[in-house]
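Please read this briefing alongside the sequence and the 3D view. It covers fold, surface, charge pairs and selected loop residues.

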Amino acid sequence: MRAAVVYESMFGNTATLATSVANALRRAGMEVKVIPVALAGSDVLRTHDLVVIGAPTHALGMSRPSTRADAVLRGAPAEVEARGVREWLEDLQDADSVRIAAFDTRSRAMRHLPGSAAKHVAHLLRRRGYDVAPAVSFYVGGLEGPLGYDEEARAGDWAADLGHQMMRQVRV
């Protein structure tokens, strides 16, 4: 089973979780690539059995060029402005048999507000006919972080469950 973890990260929190997710999937027996969204090709869905997409929640959904520019003004590296998950999804080539999972990072202060990058990703890909696992959010202390207590471990647990589900399908 081959998996890709494609992520967008402004301040490193989503990148940290992408690594935790990848490590848990490897422990479950999967071959895993971790790919920053700026380097992700349009063929990722056709070349993997599972694609996990991680993104920060900006303005109650996926980032836009304007919200990424604002993140750069707050101290994020300039290269994050170029391309986000939203643009990558627009360029994706469809595939028949790939499972999708999505997670996001969001401010704990915004915990009870509607809107989530992961839910937006899941909704868009379900509409295109993909098998999408329930989306999950992980929390950061403020707009820039740090990750909340135990969120990295929680991401690993979530990914381990996902990986074991995928590997059971292979054995059946």
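The points below go from the whole chain to single residues.

This is a predicted model, in which local features need pLDDT of at least 70 and side-chain atom pairs count only at pLDDT 80 or more, while totals for chains, interfaces and linings use all residues. Residues are numbered from 1 along each chain as its sequence is written, and side-chain values use heavy atoms, with hydrogens and water left out. The chain has five helices and six strands, and a search of the whole structure finds six salt bridges.

**Fold and dimensions**

- Helices (H or I, at least four residues) and strands (E, at least two) are DSSP runs, numbered from the N terminus.
- Read from the N terminus, the order of elements is β-α-β-β-α-α-β-α-β-β-α.
- The radius of gyration of the chain is 15 Å, which agrees with the value near 16 Å that a compact globule of 172 residues would have. This radius is taken over C-alpha atoms, and the globule rule is 2.2 Å times the number of residues to the power 0.38.
- The C-alpha trace spans about 50 × 35 × 25 Å along its principal axes.
- A contact means heavy atoms within 4.5 Å. Of the contacts between residues at least 6 apart in sequence, 76% join residues at least 24 apart.

**Burial, surface and charge**

- Buried means under 20% relative accessible area, exposed over 50%, and partly exposed in between (1.4 Å probe, protein chains only). By this definition, 52% of the 172 residues count as buried.
- The chain exposes about 8,200 Å², and carbon and sulfur atoms supply 51% of that area. Accessible areas come from the Shrake-Rupley method with a 1.4 Å probe; for residues, only the protein chains shown count as cover.
- There are 21 positive and 20 negative side chains, and the centres of the two sets lie 4 Å apart. Lys and Arg count as positive and Asp and Glu as negative, with His and the chain ends not counted. Each charge is placed at NZ of Lys, CZ of Arg, CG of Asp or CD of Glu.

**Salt bridges**

- Side chains of opposite charge can pair when their charged atoms come close. A salt bridge here is a side-chain nitrogen of Lys or Arg within 4 Å of a carboxyl oxygen of Asp or Glu.
- Arg-2 pairs with Glu-31, with the closest N and O atoms 3.5 Å apart. Arg-2 lies in strand E1 (residues 2-7) and Glu-31 in strand E2 (residues 31-36), so this bridge ties together parts 29 residues apart in sequence. Arg-2 is partly exposed at 31% relative accessibility, and Glu-31 is partly exposed at 48%.
- Glu-87 and Arg-68 form a salt bridge with an N to O distance of 3.0 Å. Their pairing links distant parts of the chain, 19 residues apart: Glu-87 belongs to helix H3 (residues 85-91) and Arg-68 to helix H2 (residues 65-73). Glu-87 and Arg-68 are both buried.
- Asp-131 and Arg-99 form a salt bridge with an N to O distance of 3.2 Å. Asp-131 sits in strand E5 (residues 131-132) and Arg-99 in strand E4 (residues 99-107), so the bridge ties together parts 32 residues apart in sequence. Asp-131 is partly exposed at 43% relative accessibility, whereas Arg-99 is buried at 13%.

**Loop between E2 and E3**

- Gly-41 lies in this loop, between E2 and E3, and is partly exposed with a relative accessible area of 30%. Leaving aside neighbours within four places in sequence, Gly-41 is in contact with Trp-88 and Leu-92.
- Residues up to four places away in sequence not counted, Ser-42 touches Asp-91, Leu-92 and Gln-93.
- Ser-42 and Glu-81 are 39 residues apart along the chain, and their C-alpha atoms are separated by 19 Å.

**Positive phi outside glycine**

- Ala-59 is not a glycine, yet has a positive phi of about 50°. Ala-59 is found in the loop between E3 and H2 and is exposed, with a relative accessible area of 63%.
- Asp-150, also a residue other than glycine, has a positive phi near 70°. Asp-150 lies in the loop between strand E6 (136-140) and helix H5 (151-171), and counts as partly exposed at 46% relative accessibility.
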